[in-house]
Amino acid sequence: MDLSTLPQYITGPAAWVGPAMAADERNWLYQLSGAEIADLENAARHYLSLGRDVGEVTAANFPLSSFAGHLKALQQKLLHGNGIEVLRGLPVANYSQEFAATVFCGIGAHIGSARSQNAAGHILGHVRDLGASSQDPNTRIYQTAERQTFHTDSADVVGLLCIREAKEGGRSLLVSAETIYNRMRALRPDLLEKLFDPIATDRRGEVPEGAQPWMEIPPLSWHAGRLTVFYQRQYIDSAQRFEGAMCLTPAHLEALDMFDALANDPALHFGMQLQPGDMQFVYNHSQLHDRTGFVDWSEPGKKRHLLRLWLSVGGDRPLPECFKERYGSIEIGKRGGIVTKETRLHAPLD
């Protein structure tokens, strides 16, 4: 990538810095009103009366009145604004898991279409510590209690609904890829250039038919006048085990290390503790997210538990051709997720 064809500095609402976001919660937090909660609950009751799988919910069969307008605005904020919003106030303690999942998937259906999050075709993910080892190259890091690293997920938008918090920790962290680009452009353009190379990322055992066990998508791409990020450092490192994957040079490693260091700089990122009932939505193409390690409760019924959605959004930006390695299709509104020949879309409630 010739940096002379790229902007010296990216401006716009997605190029935020953490302290400014943290200083004013109105940038990212929306408090649900009683009327909006009632609207969501009425839609969920209607959908459940149809006797269908939660994974089949659509905007049409999850009818909203007053809150539909806000979800349209949220969609635009994700695509064209700062890329982050938390909806707060959903009384999940009063709900069954099925009811909470219905509300969450119904909101997701008004934002975009749900995508598979694993080879099994789960459109509703369960984020909790399963005791998996992070040393296993096929472990998905969200199945552990360990610190993650700043990363993106394989869809346009990721949504989380907090059902229960951990005993300690588990703080959500966010950083702007555009801001990291700006800093590296100013400080080390030679290293920034390396992040536009087709660096290998491990598929962690979820391999589409006919594909390699890794994919080659640059951490940063410039396409159709937009910077797009695709990043998971742990999976980049583990992809080096494969013969045939692009070998990282010392310059690549230095570039990745600088990217990580900037992401972890408190002058760039900010964090929040998701409360039960919080629904966080993050735009993966301009933002990275992370989670601190946590100590969980010993009682099974109290353990940390979040529901997750991956969404493809209509009217979104075009993506480079190389994203087909992960997304399969890059058709706007119908892209993203993990699809293998065994995939059957459904929404497991546990």
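**View 1. Arg 26 sits out in the open.** With a relative accessible area of 70%, Arg 26 counts as exposed in this predicted model, because the cut-off for that word is over 50%. Look for its partner, Asp 24: the two form a salt bridge whose closest N and O atoms are 2.9 Å apart. Asp 24 has a relative accessible area of 24%, which makes this residue partly exposed.

**View 2. Arg 233 and Asp 257 join two helices.** Here the closest N and O atoms of the salt bridge between Arg 233 and Asp 257 lie 3.0 Å apart. Arg 233 belongs to helix 7 (residues 233-238) and Asp 257 to helix 8 (residues 250-263), so this pair ties together parts that are 24 residues apart in sequence.

**View 3. Arg 335 meets Asp 316.** Their side chains come together in a salt bridge, 3.2 Å from N to O. This pair links distant parts of the chain, 19 residues apart: Asp 316 is in the loop between strand 16 (305-312) and helix 9 (324-327), and Arg 335 is in the segment after helix 9. Both Arg 335 and Asp 316 are buried.

**Beyond these views.** How many salt bridges does the structure hold? There are 14 to explore.

Note on methods. Residues are numbered from 1 along each chain as its sequence is written. This is a predicted model: local features need pLDDT of at least 70, side-chain atom pairs count only at pLDDT 80 or more; totals for chains, interfaces and linings use all residues. Side-chain values use heavy atoms; hydrogens and water are left out. A salt bridge is a side-chain nitrogen of Lys or Arg within 4 Å of a carboxyl oxygen of Asp or Glu. Buried means under 20% relative accessible area, exposed over 50%, partly exposed in between (1.4 Å probe, protein chains only). Helices (H or I, at least four residues) and strands (E, at least two) are DSSP runs, numbered from the N terminus.
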